[in-house]
Amino acid sequence: MPLVGEAPVSHGAARRLTIARLGHKGDGETDDGIFVPLSAPGDQIVAEVDGERASIARIVTPGPDRVDATCPHFGACGGCALQHLSVGFLSDWKREQIATALGQRGLTGIEVAPTRVMPPQSRRRAELHARVTQMGIKIGFLERGSRVIVPMSACDVLTPAILGALDALGVQLEPLLPLHTHVAMHVLDSEHGLDVSLGIPDFALDIRSRQALSAMAAAVDLARLSVNGELIIMRREPVVTIAGVPVVPPPESFLQAVREAEVHMQDLACKALVSTKVVADLFAGIGTFAFALARTAKVHAVEGEQSALDALAAAARRTQGLKPISTERRDLFRRPLLAHELKAFDGVVLNPPRPGAKAQAEALAQSAVPALVYVSCSPASFARDARILVDGGFELKTVTPVDQFLWTPHIEAVGIFERRVKRR
Ligand SMILES: C[S@@+](CC[C@H](N)C(=O)[O-])C[C@H]1O[C@@H](n2cnc3c(N)ncnc32)[C@H](O)[C@@H]1O
C-alpha cells in the first residue's frame, strides 16, 4: 500500500482522483465512474488510470474512515479487501447495501437494524490454496483476481487453530504434493480438530500415497483428511455442535462461517417463528436452522445435497429432545415447494445460495404460509425475492445485517416476513 506523501509517479496515465464512495464490490469509485481497489471514500489520490479501473500510486489526503490495516498481508492477499476502512464505516456501509438493494426494488421504509459484526479470528471454515515449487510450499488465500497464492504468517479472520496449523501442514504436505500443481484446500476448524479436504488434480490415490497422506494427517493431528472426494482417514469425527446437536458434516459441506453468526441468525429465526408448529427449512444444509427450530416445532428439511441431508438425519437420530425432523432431497430451483405443498407449514425458513430463490419465492407468494424467515448472502437476490414476496401479500417487518465476512464486501441479511393478506 503506498504511503501518504510518497514520491509522485510520473507515468502518463497518472491522474489526481477523489474517491466519492465505495462501489458494491468494495472498490472505491469516483464520481465519473473510475473504480480504485483499496481506496476509501474521501481519499484524494494520485492513481494510474486504465479505462474504468485505476490503482493507487500515492495517497495525497486520506479519507476520514481510512485506518491502518493490521494484517501484514493486506493489499496482496485477496482474503480481505477492506481492512483499510474502520469497522464502524464498514458496518454502516453493509447495512446501506441492503437498504439500497431494497430501495431499488421499490421497498422503502423497511427497518434495517444495525449490522451485527462478528469478532476477528472467528472464521472456522476457509477455502485455501497450496502449491509446491522449487522454492518450497505456499499455502494461503489467492491474490485478488489471480491464481497467485499469498503465503500467510498472520491472519485476522481465520481461527487461531487454522492459522496455527498451516506451517506444520506445509512441512508435511510439501514432499507429498506434485510440483507446480495448484491444490484446493478446504479447512474446517471442528470441535475435534481440523477437517481438511484437498483437491489435487491428476493425483493417483494408490496404497502408497494413501499411507503417506494418513501419516501426514497423524503428524498434523487432523481429525479427518479427504482427497479428491475420497476419505483418506478419519482419526476423530469432525463434530460441530449446531443448536446443541452434534453434527458430523460431510467434507466441504456448507456451514455458517462464524459460530457466533450462526447463533445470531438462529435466534432471529426462532424468535420470528416462536408460535409455529410445523416449519419447512428450505436449503437446509446440515441443519443450522432445522435443529434450532426442532426444539419447539416439527421440521421438514429440504436440500439439494444428499450428503448434507444424511449428516442432518444421522445427527437428529442420535439426539434426544427434538421434535420430529423429516428430510427431502430436492432441487428447489427447478422444483420449489408449491403452494398446495406449503399448506402443511405455518412457518418457513429460506436460506438459498447467492443466486437467491426466485422460483421458491414465487411459490411462497402464492401460498398461505403466515410467517417466513429469509436468510440471504446477497442483497441483490434478497431484494428481488423480497419484492416477489411483498407483491404476494407478505410484509417485510425487519432486516438484520450480520457481518461474518469481516473486511470483505459480503454481508448476510436475515429478513422477517409476515403474511399481511391472508390466503386460504
Ligand atoms: C447458504 S447454504 C445454507 C445451508 C443451511 N441453511 C445453513 O445455514 O447451514 C445454501 C444451501 O443450499 C443448497 N442448495 C444449493 N442449490 C440448491 C438447489 N438448487 N436446491 C436445493 N438446495 C440447494 C446448498 O447445498 C446449501 O446447503
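## Close-up views of the predicted model

**View A. T30 is buried, at 2% relative accessibility.** Buried stands for under 20% relative accessible area, exposed for over 50%, and partly exposed for the range in between, with a 1.4 Å probe and protein chains only. The model is predicted, with local features needing pLDDT of at least 70 and side-chain atom pairs counted only at pLDDT 80 or more, while totals for chains, interfaces and linings use all residues. Residues are numbered from 1 along each chain as its sequence is written, and side-chain values use heavy atoms, with hydrogens and water left out. The loop that holds T30 runs between β3 (28-29) and β4 (35-36); strands are DSSP runs of E with at least two residues, helices are runs of H or I with at least four, and both are numbered from the N terminus. The side chains of T30 and D32 form a polar contact of 2.5 Å. Such a contact is a pair of N or O atoms within 3.5 Å; within protein, one must be able to donate a hydrogen and the other to accept it, and residues adjacent in sequence count only if both atoms are side-chain atoms. Beyond its neighbours within four places in sequence, T30 contacts (heavy atoms within 4.5 Å) L17, T18, I19, A20 and R21.

**View B. D403, in strand β23 (residues 394-403), is joined to K94 by a side-chain polar contact of 2.9 Å.** D403 counts as buried because its relative accessibility is 3%. With neighbours within four places in sequence left aside, the residues in contact with D403 are K94, T115, R116, V117, M118, H410 and I411.

**View C. Helix α2 (residues 160-173) has a kink of about 35° centred on L166.** The bend at a residue is the angle between axes fitted to the seven residues ending there and the seven starting there. The 14 residues of α2 reach 20 Å from first C-alpha to last, close to the 20 Å expected at 1.5 Å a residue; the expected span is 1.5 Å times one less than the number of residues. I162, A165, L166, L169, G170 and L173 of α2 are buried. These buried residues pack against β9 (125-133), β10 (136-142), β12 (183-190), β13 (193-199) and α3 (207-219).

**View D. The largest nonpolar core has 49 residues.** A nonpolar core is a set of buried Ala, Val, Leu, Ile, Met, Phe, Trp, Tyr and Cys residues joined through side-chain atoms within 4.5 Å. Those with the most contacts inside the largest core are L128, L158, M185, L198, L225 and V227. At least two residues each are supplied to this core by α1 (87-104), β9, β10, α2, β12, β13, α3 and β14 (224-227). The largest share, 5 residues, comes from α2. L225 is in contact with V196, L198, L213, M216, A217, E230, L231, I232 and I233, its neighbours within four places in sequence being left aside. A second, separate core has 38 residues, among them V240, V247, L273 and A301.

**View E. L38 has a positive phi, near 65°, and A243 has one of about 50°.** Most residues other than glycine have a negative phi. L38 sits in the loop between β4 and β5 (44-50). A243 is in the loop between β16 (240-242) and β17 (245-247), and is partly exposed, with a relative accessible area of 26%.
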